[in-house]
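Here is a short briefing on one structure.

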Amino acid sequence: MDNTDKEHVEERGNSAEWLLLTAVFIIATCGLIYELVAGTLASYVLGDSVTQFSTIIGVYLFSMGVGSYLSKFFNGHLLRRFIQIELLVGIVGGFSSAVLFITFPLAASFRLILYAIVFVTGVLVGLEIPLLMRLLQDRVAFKELVSRVFAVDYVGALLASLIFPLLLVPYLGLIRTSLFFGMLNILVGWYLLRRFKGEVKRTAAIQLTALLFLLAELAAFIGADAIMKLSEHLQFSDKVVYATSSPYQRIVLTRNHRELRLFLNGNLQFSSADEYRYHEALVHPAMQASPQVKRVLVMGGGDGLAVREILKYPGVEAVTLVDLDAVMTKLFTTQPVLTAINKQSFSDKRVKVFNQDAFVWLRDNRQQFDCIIIDFPDPSNFSIGKLYSTSFYQLVKRSLSPAGYAVIQSTSPFVAPKSFWCINATLQSVGFTTIPYHNYVPSFGEWGYVMITQRPSYQVPDTFAIPARYINKGVMQQMLYFPDDMKTQQPLAVNRLNNQALVEYFEQEWGNYSEQ
Amino acid sequence: MHRREFIQLTSALAGGALLPAACTRPTIIAGEIKGVSAAVGHLVRDGALQGAPVTTERADVVIIGGGISGLSALRRLHRNGHQNVVLLELEGHTGGNASSGSNAVSAYPWGAHYVPVPNNNLTEYLSFLEACGVVTGYNPAGLPVYNEFYLCSDPQERLYINGSWQDGLIPASGIGAADKADIDRFLHQMHVWSAAKGKDGKEAFAIPVDASSKDPVYTALDSITMQQWLQQQGYASPYLHWYVDYCTRDDFGTTIDKVSAWAGIHYFACRKGRAANAAANDVLTWPQGNGWLAEQLRHDTEGAIRTQALATRVVPVEGGVAVHYYDVQQKQLKAIDARQCIMAIPQFVAARLLPDAAERMPLLHAHYHYTPWVVANLTVKQLYERSGAPASWDNVIYGGASLGYVDATQQQLQQLKPKRVLTYYRPLATASAVEERKLAQQRTHAQWVQMILDDLRIVHPDIDTQTERIDVMIHAHAMAQPLPQMIHGAVRQQLRKPVNGNIHFAHTDVAGVSIFEEAFYQGIQAADAVMEHLITTPVS
Ligand SMILES: Cc1cc2nc3c(=O)[nH]c(=O)nc-3n(C[C@H](O)[C@H](O)[C@H](O)COP(=O)(O)OP(=O)(O)OC[C@H]3O[C@@H](n4cnc5c(N)ncnc54)[C@H](O)[C@@H]3O)c2cc1C
């Protein structure tokens, strides 16, 4: 330690030591927070939290070791160096999550950036404690010094690990959390600078840097939502016009010059450019086939687009829609961009919306419907797989009038033929006549539907006497034809609650597809 | 990763962060210890209820005990037109080891929680299941069609082994080729034995147990322990040994070094049920477990049931049986003069009520050993999940102290379950039964909570913060252990012999194997014996 530093620090007596220990405490907290932020963020965007956490903790600890080692090359002006490091940690750590959120959608090698940031932060944090110990070493007996500094350091770490999940993530979010602690780091530097004004040379430059950094982080802190939006915008490649979260899913709406797209949990739900192809194909075959349709049930379909098609039939007296997510149906009842697409179908007096679990609702239902439209998410997990089971279809059978038709969106028969034909087989096993068909929806690819009835057979109607852009007799005839590449030779299991065969098929098929 | 998972993750982190704190300081979680009414039961043991009854009434039949055996007997008698029957049950509710409870989240079991798909030759059992809507019909091949709401939903079982969850309970993930070969050979041998018949033409391993072959080739297995048998057969894999031990603890509360090899093999080889719409290893289950079946058995017989009625003496008298019982609510000793009596209670209780207790008790002490069990119901919020197979109905930890937990909300239909009730099972089979019973009765609620959380924290690090409530029930004498010579030895037969032609025994203790089907048939057989006597002996 350089002589001037030593003397000045000594002069200040106990209060200076106390102050530096407080600094240790704060920077220890900050240090752990950056690590937690990186780990959480990586798990958030990359998944597999165990791997993410373990590699990030590893890299972080290692780079702290590097920092400690490097500290021996710092000689002279230790206090000044220390303050500079505080500012650097503050800016790198503070902006880490904002940078990571923005680079994730852009960078091909996101992991590289991630570990680089973790490494740099780790090195800087690793420098802090050795430098501080050297600053304090002549004031305090070595034994005492080590014990106090490390005690305070570990208590800071404990505090960080407690408040991070309990307060910070829920209330501040990741971006603001790291910015907040970045500012704390800078403030520590700033305060030390003021406190030991006489001992550090050329304070003006450092002060100015600190101020600039602080302002930058403050601005980012205030604009954190915009950063998040930007990240989503980059991720979805189009402009995000609306984004919200319900207890069940993240709902994001994007727009480009041509179309509006809705994403649920990152999966494309529809594109305004071609959704009519999907919804006309979903709704009209069953509506046309069912005689004298007065009462219609829609399950899923919280976007109101299937309902829009149903309301084209003047004979319809009541449409019941059951969708789990109230945020979704409310959005499609009130948001002008969205109601423009669904033609305000949810505001029609004939429509009644129930935000309930479809299985539970149907089990308790005692009405019969003339036509039923089922538009659930794909069976990608066990809890959704239930909605494609024999038990569910038994309830559908009970709720469908004897001459009526129902239809089930049944994923892509091209990508997932086993899944598609498993749904078909499951419907047959409960005694339905099935009419599988498919069409091309550009933004989805080849898509499949299974229409069901208790009647022995189905006849393509001569005319689809409703205003439509896509469907007509010829299209319907085409849709019924399946080329060989959408079929499977394998005997398929029936999907039951007690075997969930469909989820297994679906995982295999879409898993393979997305790996390509 | 989606937002919801993200929130789960961070709350899991919260759990992780609190870990150091949780390790040093006991977590305070609401709940209570629900004892089977041990205090009331001990009145019999301590001979406190020996006075003269205040009232006496008459009945054709008295059934003592409202577990599955007693309820099954009652149902059988009712269905055959015998209405003048009284069932005495010491608890405030019937069900016995198949009792259940419920809270705002779900109903849940306090004991038995499932039955496997029934063997197809069990006609009475299948027709009972048909009457309560579990079997909805038969397919053209004659196989029962099960109500799929009652077949356990997939995913059914998972095992936490070598750092992650695998699908199914048979160790598979991360095991070596030699282990796998041992396991396959074992399963194959069990498969062969499930179809085996003895020289007498009977199934080698049947349900009920007493329908099994007496061919010494098989009954000889009742003289050694399961562990000895595994060793004799050259099974060395520790994974296989663990799995078999898990199974015998699960069904008999007895470890492989103690359980009879015949009983152990019976577990694997007695199930042969085939169904139209279920796989061979599927099971039937309900949120309240076999409590649901107990309710169905009780159907229409409620008038005959007296709860909080503790039988204290069963005395053969001229032309019948006098049954004394203590009415816990009115605090009165009462008597019923019956023509026939069915004792659907454990042997260690039955013996004390009979006049020849002095001869019975030494036999029981020598041959009947009851394992204590603890069952706990945990109400939990979202739990952090380790990698691998998703949360299932039955969740077992390899090498764990307990049998893991069963999710009582598994059969709930809704997609999202913000809270669940997990039923935790643990036979207390480490020390001797007597010691374990003593220890169990001394533990405080906080100590049980600690014991349970310490076990489950391995798989759910945030369990301390995510658990809202833990209720604990101690079954001090949960079941009699099928030790060597229990099933094919002489004592069981001796103790179950009807007394005087009008006192009959019906309990899973009598069967030697504690499963629903045995209890169900114990009840039927006793009821049939009773009816035979009622018909042949005219009313005096
Ligand atoms: C924790 C646990 C889990 C189990 N899980 C399963 C399972 O999943 N599947 C399965 O098939 N089996 C299971 N079993 C086995 C279960 O014991 C049997 O299936 C069956 O329920 C036993 O019925 P029981 O009528 O023979 O006996 P019990 O259930 O013991 O019935 C005896 C009844 O008699 C009453 N009683 C006792 N003394 C008196 C008295 N003096 N006067 C009046 N009443 C009296 C008791 O209160 C009780 O209700 C489990 C057992 C336990 C303990």
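Domain bounds here come from an automatic or database domain assignment. On that basis chain A is divided into domain 1 (3–231), domain 2 (236–270) and domain 3 (273–515). This is a predicted model, where local features need pLDDT of at least 70, side-chain atom pairs count only at pLDDT 80 or more, and totals for chains, interfaces and linings use all residues. Residues are numbered from 1 along each chain as its sequence is written, chains are lettered from A and ligands numbered from 1 in the order in which they are written, and side-chain values use heavy atoms, with hydrogens and water left out.

**Domain 2 against domain 3 in chain A**

- The centres of domain 2 of chain A and domain 3 of chain A, taken over C-alpha atoms, lie 22 Å apart.
- Domain 2 of chain A brings 18 residues to the contact and domain 3 of chain A brings 16 residues (contact means heavy atoms within 4.5 Å).
- About 1,400 Å² is buried between the two domains, and carbon and sulfur atoms give 77% of that area. Buried area is the accessible area (1.4 Å probe) that two parts lose on being put together, summed over both.
- Y242(A), Y248(A) and F270(A) supply 37% of the area that domain 2 of chain A buries against domain 3 of chain A, more than any other three residues.

- β1 (239–245), β2 (250–255), β3 (260–264) and β4 (267–271) of chain A each supply at least two residues of the side of domain 2 that touches domain 3. Strands (E, at least two residues) and helices (H or I, at least four) are DSSP runs, numbered from the N terminus.
- β3(A) gives the most to this side, with four residues.

**Cis peptide bonds in chain B**

- Most peptide bonds are trans.
- D154(B) and P155(B) are joined by a cis peptide bond, with omega about -5°. P155(B) sits in the loop between β8 (144–146) and β9 (157–161) of chain B.
- I207(B) and P208(B) are also joined by a cis peptide bond, with omega about -10°. P208(B) sits in the loop between α5 (177–195) and α6 (216–219) of chain B.

**Positive phi**

- Most residues other than glycine have a negative phi.
- Q292(A) is not a glycine, yet has a positive phi of about 40°. Q292(A) lies in the loop between α9 (275–289) and β5 (295–300) of chain A.
- Q292(A) is exposed, with a relative accessible area of 71% (buried is under 20%, exposed over 50%, partly exposed in between; 1.4 Å probe, protein chains only).
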